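This report describes selected side-chain contacts in one protein model. The sequence and the structure come first.

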Amino acid sequence: MYKNGFGYVNGEHWLGLEKLHAMTRSGRHELLVILEDHEGRSAYALYNSFRIGSEAQKYKLTVGKYSGTAGDALSVHDGDKFSTFDQDNDTADNGSCANEYNGAWWFYNCYDSHLNGKYRRKGEHLNDGVDWIKWKGMKYSLK
């Protein structure tokens with residue numbers, strides 16, 4: 001599913017790793033991540049370069065220099081391969097981060113950011129949500 005994309009283009013949608021790779025394999029690209037909490041506050045993270053590797057490279061993530069207000073929670077994942085429940089490519093020594101945290105991502109022991117976690121309601125403080133640790137911590141699932 002993560003390879004080819006899923007969801008609704010006009011709603012929640014995962015574009016797909018193949019499309020991200022095709023879009024970023026040539027030229028220079030930036031990545032802008034806009035985050036919102038349940039209290040209506042927002043923050044952003046801008047990376048001055050962004051690239052997703054090929055399937056043969058396990059969709060390796062490459063990001064450049066960070067700027068923004070959310071804190072840098074993605075650079076630690078730079079160079080990581082994409083992991084899913086059935087493709088454990090993370091750097092954790094014990095177990096699978098994708099299985100433990102219910103979602104697919106570029107996991108690095110296991111994560112500082114995880115935007116593919118489960119959506120949680122305000123006040124649900126579990127560690128498998130949509131997280132950007134440098135802004136709200138691990139147990140605050142973003143809106």
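The text below covers the disulfide, the aromatic pairs, the charges over rings and one glycine.

The model is predicted. One disulfide is present in the structure. Its partners are Cys97 and Cys110, with an S to S distance of 1.8 Å. The angle about the S-S bond is -85°, and the link between Cys97 and Cys110 is left-handed. Cys97 belongs to helix H2 (residues 97–100), while Cys110 is in the loop between H2 and strand E8 (113–114), so the bond ties together parts 13 residues apart in sequence. Cys97 is buried, at a relative accessible area of 0%; Cys110 is also buried, at 11%.

Aromatic pairs number nine in the structure. In one of them, Tyr2 and Trp14 have ring centres 5.5 Å apart and planes at 75°, so this pair is edge-to-face. Tyr2 lies in the segment before strand E1 (6–7) and Trp14 in strand E2 (residues 13–14), so the contact ties together parts twelve residues apart in sequence. Tyr2 and Trp14 are both buried. A cluster linked by ring pairs contains Tyr2, Phe6, Trp14, Phe82, Trp105 and Trp106.

Lys136 sits over two rings, as listed here.

| Charged residue | Ring | Distance to ring centre |
|---|---|---|
| Lys136 | Trp135 | 4.9 Å |
| Lys136 | Tyr140 | 5.4 Å |

Gly27 is in the loop between helix H1 (17–24) and strand E3 (31–36). Gly27 is exposed, with a relative accessible area of 55%. Its C-alpha lies 9.8 Å from that of Ser49, and Gly27 and Ser49 are 22 residues apart in sequence.

Key:
Residues numbered from 1 in each chain as written. Predicted model: local features only at pLDDT ≥ 70, side-chain atom pairs only at ≥ 80, totals over all residues. Heavy atoms only, no water. Disulfide = S-S within 2.5 Å. Helix = DSSP H or I, 4+ residues; strand = E, 2+ residues; numbered from the N terminus. Buried < 20%, exposed > 50% of the residue type's maximum accessible area, 1.4 Å probe, protein only. Phe/Tyr/Trp six-rings, centres within 6.5 Å; stacked < 30°, edge-to-face > 60°. Lys NZ or Arg CZ within 6 Å of the ring centre and 35° of its normal.
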